[in-house]
Amino acid sequence: IKYPETNDAIALINKINYEKKVEKAIKHVFDRILLCRNSEIATKLSRETKMDCVLLDGDFISKKGALTGGYIDTRQSKLTFYKQRIEIKQ
């Protein structure tokens, strides 16, 4: 696997310490994941390299384009938000 040569991202597997006997499993799970500084770089690199990216704050950007992680306010659903928005507009 060829990892991108940039100061803004590094192969996550290079930052993991593991025993030699579990190397195959670790490579299977972490071999195509980059650790990136920010979401702009991660989005760009995931498209260019077809690798998943993890940000320093824990967010995950999939090579398929999905972004997961971050803060979700469970006190209010999106449906409630849109209902309130419509009421305010009226």
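1. The protein has three helices and five strands, and from the N terminus on these elements follow the order β-α-β-α-β-β-β-α. Here helices (H or I, at least four residues) and strands (E, at least two) are DSSP runs, numbered from the N terminus. Please keep in mind that this is a predicted model, in which local features need pLDDT of at least 70 and side-chain atom pairs count only at pLDDT 80 or more, while totals for chains, interfaces and linings use all residues. Residues are numbered from 1 along each chain as its sequence is written, and side-chain values use heavy atoms, with hydrogens and water left out.

2. Of the 90 residues in the protein, 23% are buried, where buried means under 20% relative accessible area, exposed means over 50%, and partly exposed lies in between (1.4 Å probe, protein chains only).

3. Which residues form the largest nonpolar core? This core has 10 residues, namely Ala 9, Leu 34, Cys 36, Ile 41, Ala 42, Leu 45, Met 51, Cys 53, Leu 55 and Ile 61. The elements that give two or more residues to this core are β2 (33-36), α2 (39-49) and β3 (52-55), and α2 gives the most, with three residues. A nonpolar core is a set of buried Ala, Val, Leu, Ile, Met, Phe, Trp, Tyr and Cys residues joined through side-chain atoms within 4.5 Å. In soluble globular proteins, nonpolar side chains tend to be buried together.

4. Leaving aside its neighbours within four places in sequence, Cys 36 is in contact (heavy atoms within 4.5 Å) with Asp 8, Ala 9, Ala 42, Leu 45, Cys 53, Val 54, Leu 55 and Leu 56. For the protein overall, among contacts with a separation of 6 or more, 23% are accounted for by residues 24 or more positions apart.

5. Asp 8, one of the contacts of Cys 36, also meets Arg 37 through their side chains in a salt bridge (3.5 Å, N to O). Asp 8 lies in the segment before β1 (9-11) and Arg 37 in the loop between β2 and α2, so this pair ties together parts that are 29 residues apart in sequence. Asp 8 is partly exposed at 29% relative accessibility, whereas Arg 37 is exposed, with a relative accessible area of 52%.

6. How many salt bridges does the structure hold? There are five, each being a side-chain nitrogen of Lys or Arg within 4 Å of a carboxyl oxygen of Asp or Glu. Among them are the pair Glu 19 and Lys 21 (3.7 Å, N to O) and the pair Lys 20 and Glu 23 (2.9 Å, N to O). Lys 20, Glu 23 and Lys 27 are linked in a network of salt bridges. Lys 20 is exposed at 66% relative accessible area, and Lys 21 is exposed at 71%.

7. Gly 58, in the loop between β3 and β4, is partly exposed, with a relative accessible area of 48%.
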